[in-house]
Amino acid sequence: MKKIIKNNVKKFRLERQITQEDLALKVGVTRQTIGLIEKEKYNPTISLCLSLAKILKVTLNDLFWEDDEK
Amino acid sequence: MKDERVISEINKAKSFAYRIIWFGLFGILLYRWFALDQTLLETLDIFLVWFTASMFEFFIMAVKGLPLTYPVNLNKNERVIFLFGFPIIPGIIAILILLITKNIESFKSGLFVFLRTYLIVFAMYLIYIIILYFWEKKNID
């Protein structure tokens, strides 16, 4: 069964009033990659997950969790 | 079994091999055109393989949502300047190649070569940006 990484990136980003472009710039990826992560169409590497958690000031557990595809 | 490290290493090796082939074919084409004075028709087989690979690479990047200017991050205005400005460089390179090989007969023919190259590159970039726009509409917005 394919594992899908679910996330709260969009929720925390909007709470902190950061645009996709700004977040992308801060973690060193493209805006398109942030968009795909938020839509849960791309599983980021652990390094990128840690960068996102650091910038959004949340723990990794709050930001990402694993879910089985239905 | 799908080992992510193995898959990643295989992809890296394939990508490196592709680069060697791409530059190798390009080098062969340049050598045949400028050193051996062969025409495009005489090198059509190699050219078609090289050109198809180049076009495939170019458009697959758009279809996969990779920004045209990656890794340089440009804002909206800068992207417009890039779209209109960057094709000038291939235009100038085309003229320089023809000047070196003494294939330009007049200023008019030089201008024609420049405009033709400019418009081809501009059209390709425009198509790329349009594909990217629809990719973003579908996958992000």
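Six is the count to start from: this predicted model holds 6 salt bridges over all chains.

Start in chain A. Glu40(A) and Lys6(A) form a salt bridge, N to O, at 3.4 Å. Glu40(A) sits in the loop between helix H3 (31–38) and helix H4 (46–56) of chain A, and Lys6(A) sits in strand S1 (residues 3–7), so the contact ties together parts 34 residues apart in sequence. Glu40(A) is partly exposed, at 23% relative accessibility. Lys6(A) is partly exposed too, with a relative accessible area of 25%.

The next pair crosses between chains. Glu136(B) meets Arg31(A) in a salt bridge, with the closest N and O atoms 2.9 Å apart.

Glu57(B) and Arg19(B) form a salt bridge whose closest N and O atoms are 2.3 Å apart. Here helix H2 supplies Glu57(B) and helix H1 supplies Arg19(B), linking distant parts of the chain, 38 residues apart. Glu57(B) is partly exposed, with a relative accessible area of 23%. Arg19(B) is also partly exposed, at 29%.

Now turn to the largest pocket. Its volume is about 1600 Å³. It is lined by 33 residues, and the closest to its centre are Phe26(B), Trp33(B), Phe47(B), Trp50(B) and Thr117(B). Four helices of chain B give two or more residues to this lining: H1, H2 (44–63), H4 and H5 (107–139). H2(B) gives the most, with 8 residues.

Leu30(B), Phe34(B), Ile89(B), Ile93(B) and Ile97(B) make a nonpolar patch of about 390 Å². Helix H1 (4–35) and helix H4 (88–100) of chain B each give two or more residues to the patch. The largest share, 3 residues, comes from H4(B). Phe34(B) is placed in helix H1 of chain B. With a relative accessible area of 39%, Phe34(B) is partly exposed.

One more phenylalanine deserves a look. Phe107(B) lies in helix H5 of chain B. Its relative accessibility is 71%, so Phe107(B) counts as exposed. Phe107(B) and Phe82(B) are 25 residues apart in sequence, and their C-alpha atoms are 26 Å apart in space.

Terms used. Residues numbered from 1 in each chain as written. Chains lettered and ligands numbered in written order. Predicted model: local features only at pLDDT ≥ 70, side-chain atom pairs only at ≥ 80, totals over all residues. Heavy atoms only, no water. Patch = residues over 30% accessible without salt bridge, like charges linked within 9 Å, V, L, I, M, F, W, Y side chains within 5 Å. Areas by Shrake-Rupley, 256 points an atom, 1.4 Å probe, with all protein chains shown as cover. Salt bridge = Lys/Arg side-chain N within 4 Å of Asp/Glu carboxyl O. Buried < 20%, exposed > 50% of the residue type's maximum accessible area, 1.4 Å probe, protein only. 1 Å grid on protein atoms, 1.4 Å probe; cavity = no way out; pocket = protein on both sides within 12 Å on 5 of 7 lines; lining within 4 Å. Points joined across faces, edges and corners; volume = space filled by probe spheres on them.
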